[in-house]
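Please read them with the sequence and the coordinates open beside you.

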Amino acid sequence: MTESPREAGAEPLAVLIVGAGFSGLAMAIRCRQAGIGPLRVIEKADSIGGTWYDNTYPGAACDIPSHLYSLSFAPKADWSRMYAPQAEILAYLRETAERHGLMPLTQLGTTFQGARWDEAGAVWHVETDRGPITTRAIVSGMGGLHHPAYPTIPGRDSFTGPAFHTAAWDHSVGLAGKRIGIIGTGASAIQVVPELARIAGHLTLFQRTPPWIMPKNDHAIAERAKTRYRRLPLARRLERARLFWLHEVRAVLGFTRVSKLTGQAEAVARRHLARAVPDKDLRAKLTPNYRLGCKRVLISDDYYPALQRRNVTLETGGIARITETGLATEDGRTHDLDVIVYATGFDITATFARMDLVGRGGQRLKEIWADGMGAYQGITVAGFPNYFMLLGPNTGLGHNSVVSMIEVQVQHVLDCLKALRRGTRAIEVRPEAQARFLDRIRARLADSIWQAGGCKSWYLDAQGRNATLWPDSVMAYRRSARRARMADYRLG
Ligand code: N01
């Protein structure tokens with residue numbers, strides 16, 4: 001349901017939550033349960049769901065098991081598969097929002113444009129494309145993966161056929177029998193390739209870097225198991241814990257720095273490739289030349305088989321330019337196409353560059369972050385009182401459920417919001433606490449696999465620094481961030 005935006009001058013909200021994806025909804029549920037209000041959620045799209053509303057490409061699914069990739073305080077007993085498809089995750093988020101009474105608090109189709117801190121009033125004046133909002137606190141649930149990144153290949157606008165991004169799928173374009181070109185071989189591409197290969201006249205996949213791929217072992221969850229999870233919440237919790245620790249152990253032992261386990265995991269992935277792809281030349285093209293974990297480790301059982309279909313070609317020569325009729329590769333060949341699909345990922349810095357956040361003393365967050373993003377526990381920034389981020393800098397994960405990180409952050413923010421409810425006007429992280437935190441994680445990142453693994457990835461910024469990933473286990477983050485240590489904050 002949509003309410004009209006709050007007029008400037010009206011009584012301020014207690015909390016404005018920006019974004020109605022996993023993080024914004026989790027925060028809103030917890031605020032309601034804690035009796036914090038008045039509360040509002042704004043969302044730029046016309047539906048809740050965030051990334052699970054935007055990404056509707058064929059084959060879109062989660063690559064983290066659903067019993068783990070869901071909110072612990074909003075469980076679902078009857079996930080259909082080990083790795084749920086996009087539509088089921090979106091339906092879960094919608095049901096969860098309905099069940100927790102969030103829809104009347106949610107204003108859809110409203111884009112956050114920026115906010116200015118008002119020192120005297122101890123409030124944020126927020127600008128949206130639907131009018132201003134005044135609020136005591138802002139919680140950003142905007143995440144980083146929602147501005148599609150398009151490659152800077154010459155001639156991109158000259159192609160005359162349909163061309164679209166995996167995160168902005170054009171469902172009006174019929175793809176059956178067409179000559180389809182896909183650029184990119186990341187997490188989105190490996191899900192969409194098998195689906196399009198089934199229907200394309202011909203599919204050409206343009207690969208720049210081969211990903212490491214482990215077996216997925218996806219399967220439908222048996223009715224018996226669903227009934228057990230429904231009747232025995234403990235059984236469902238145990239399954240979640242089992243999945244959590246499975247991912248956690250992998251991360252601690254092998255996926256964050258180069259170790260013996262990295263080599264063992266690489267051997268598993270190589271065997272997976274060797275079993276799936278008998279052809280030596282194709283296998284060579286698909287063998288990564290960097291360490292496993294440096295980029296996101298992918299899981300799939302149908303990607304390699306899809307590449308061996310007669311109607312599929314893997315191109316590994318660089319793309320020279322896009323033409324009116326297709327692509328030209330650097331080896332001088334042209335590839336005529338009816339449709340181009342960009343599976344080229346997201347521009348994470350765009351999210352922050354586009355919003356104008358002006359904190360205490362007129363300082364702008366994007367100026368402070370011009371040399372690299374950073375926040376205390378990935379949540380708060382000195383100079384920006386009562387402003388909190390979910391999935392902010394250095395709190396992404398490559399190896400476990402990001403929902404576990406969100407839940408830690410929601411608890412931290414709740415502690416701060418409760419302090420505001422107790423009469424504190426402003427809560428702001430102390431610069432020295434923020435600096436200590438950032439020194440600690442930067443030291444830990446120095447020899448991490450993302451730095452030392454011999455690859456280029458979107459995890460690193462233009463200066464080669466990692467401001468996206470948490471460099472440790474989820475448990476370590478939980479210990480670090482779950483409770484807001486008031487000694488690290490200035491309460492005013
Ligand atoms: O994007 P990516 P994604 N010429 O950035 C290639 C999440 N996610 O959408 O590797 C040629 O990983 C680029 O090549 P290279 C998840 O966090 C989650 O797939 O840079 N190629 C790469 O292959 C994930 O990490 C799920 O050499 C070009 C690809 O495009 C994040 O989203 C599912 C190019 C981009 O891969 C992003 O994944 C899907 C160029 N000029 C996504 N420019 C889950 O299941 C770029 N590329 C939870």
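1. A term used throughout comes first: a residue is called buried under 20% relative accessible area, exposed over 50%, and partly exposed in between, with a 1.4 Å probe and protein chains only. By that rule Cys 62 is buried, since its relative accessible area is 4%.

2. On the source, this is a predicted model, in which local features need pLDDT of at least 70 and side-chain atom pairs count only at pLDDT 80 or more, whereas totals for chains, interfaces and linings use all residues. Residues are numbered from 1 along each chain as its sequence is written, and side-chain values use heavy atoms, with hydrogens and water left out.

3. How many disulfides does a search of the whole structure find? The search finds one, a disulfide being a pair of cysteine sulfur atoms within 2.5 Å. The partners are Cys 294 and Cys 455, whose sulfur atoms lie 2.1 Å apart, and the link is left-handed, with -90° about the S-S bond. Because Cys 294 sits in the loop between α8 (280-285) and β11 (298-299), and Cys 455 in the loop between α14 (449-452) and α15 (474-481), the pair ties together parts that are 161 residues apart in sequence. Helices (H or I, at least four residues) and strands (E, at least two) are DSSP runs, numbered from the N terminus.

4. Cys 31 is in no disulfide, and the nearest cysteine sulfur, that of Cys 416, is 11 Å away. Cys 31 is itself buried, with 0% relative accessibility.

5. Which residues come nearest to the ligand? Of the 23 residues around the ligand, these are Thr 185, Ala 187, Ser 188, Thr 209 and Lys 295, where a residue counts as near if one of its heavy atoms lies within 4 Å. Helix α4 (residues 187-199) gives the largest share of this shell, three residues, while domain 1 (15-147 + 347-491) and domain 2 (163-212 + 256-342) each supply at least three; the domain bounds come from an automatic or database domain assignment.

6. By class, the shell holds eleven nonpolar, eight polar and four charged residues. Here Ala, Val, Leu, Ile, Met, Phe, Trp, Tyr, Cys and Pro count as nonpolar, Asp, Glu, Lys and Arg as charged, and the others, Gly among them, as polar.

7. Some backbone geometry deserves a check. The peptide bond from Gly 37 to Pro 38 is cis, with omega near -5°, and Pro 38 lies in the loop between α1 (22-33) and β2 (39-42). Asn 217 has a positive phi, near 55°, without being a glycine; this residue is in the loop between β10 (213-214) and α5 (223-231) and is exposed at 53% relative accessibility. Asn 394 likewise has a positive phi of about 55°, but this residue is buried, at 4% relative accessibility, in the loop between β18 (387-389) and α12 (402-421).
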